[in-house]
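Please read the following short report with the model in view.

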Amino acid sequence: MRESAGSTAIEPLPAGRHRLDPTAVAASQRYRIDFAALDVLAEKGYAAATVADIITSARVSRRTFYEFYANKGECFVAVCALATRIMAEELDAATDTSLPWELQLRAHIQRYLDVLAAQPGAAYALTVQTFATPELRQAREAMFDSLLDRMRGLHQLARQQDRTLLHLPDDLLRLLVGGFDELLRTNLRARDGHSLPSLAPMMTRAAIAILQSSGTAER
């Protein structure tokens, strides 16, 4: 999600014989395929998307595509896993563990929205178009669980820094992350991805209110 095929031109490898390292060649090819798949998924949806669309956008051969993936479904699932990893790296990079939990939470939410807004096509594909198959839904659940785990960690940090805070039921944290997810999906359906960062103050206030709310004493 740092650089998508739709937002940054990805140059094809030189034709014919060259002295490029085979590992670098394979990485470049897969990079272009993965981000092209996101663009195609965003533009056409899963049902209408084809391998031909992906390889045309990525500017690779059909043979190259099948060296990495057995079909479009496998490709889209792999791209979801890649996006989850990239987002985790982005959020980790935005974390200053010396700060109070509220500021860490604010930084996480702001960075999350900034990354999505920088790649609105990818954000739309991953948030709106990932309900088409059981495999894609499972990959989407993994993305959701990654964010839920991060919210759990922030809740634990909040309780460490403020001993008056009580334990919150996990379902309440799931409701919080699910509400964020639905809010983003609503905005992305309207193709308003670039405005996502403006949601940060509201999302931060909601998260702080819930994390500071009365929970239950752990037994």
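Ring pairs join Phe65, Tyr66 and Tyr69 into a cluster. Rings of Phe, Tyr and Trp (its six-membered ring) pair if their centres lie within 6.5 Å; planes under 30 degrees apart are stacked, over 60 edge-to-face, and the rest tilted. The structure has four aromatic pairs. In one of them, the ring centres of Phe65 and Tyr66 are 5.2 Å apart and the planes stand at 90°, so this pair is edge-to-face.

This is a predicted model, in which local features need pLDDT of at least 70 and side-chain atom pairs pLDDT 80 or more, while totals for chains, interfaces and linings use all residues. Residues are numbered from 1 along each chain as its sequence is written, and side-chain values use heavy atoms, without hydrogens and water.

The table gives relative accessible area (buried is under 20%, exposed over 50%, partly exposed in between; 1.4 Å probe, protein chains only).

| Residue | Relative accessible area | Class |
|---|---|---|
| Phe65 | 0% | buried |
| Tyr66 | 40% | partly exposed |
| Ala125 | 0% | buried |

Ala125 belongs to helix α6, residues 120–128. Leaving out residues up to four places away in sequence, Ala125 touches Leu38, Leu41, Ala42 and Thr130 (contact means heavy atoms within 4.5 Å).

The chain averages a pLDDT (the predictor's confidence in each residue, from 0 to 100) of 89, and 88% of the residues score at least 70. Over residues 2–15 the pLDDT is below 50. Where pLDDT is low, the predicted coordinates should not be read in detail.

Technical notes
Helix = DSSP H or I, 4+ residues; strand = E, 2+ residues; numbered from the N terminus.
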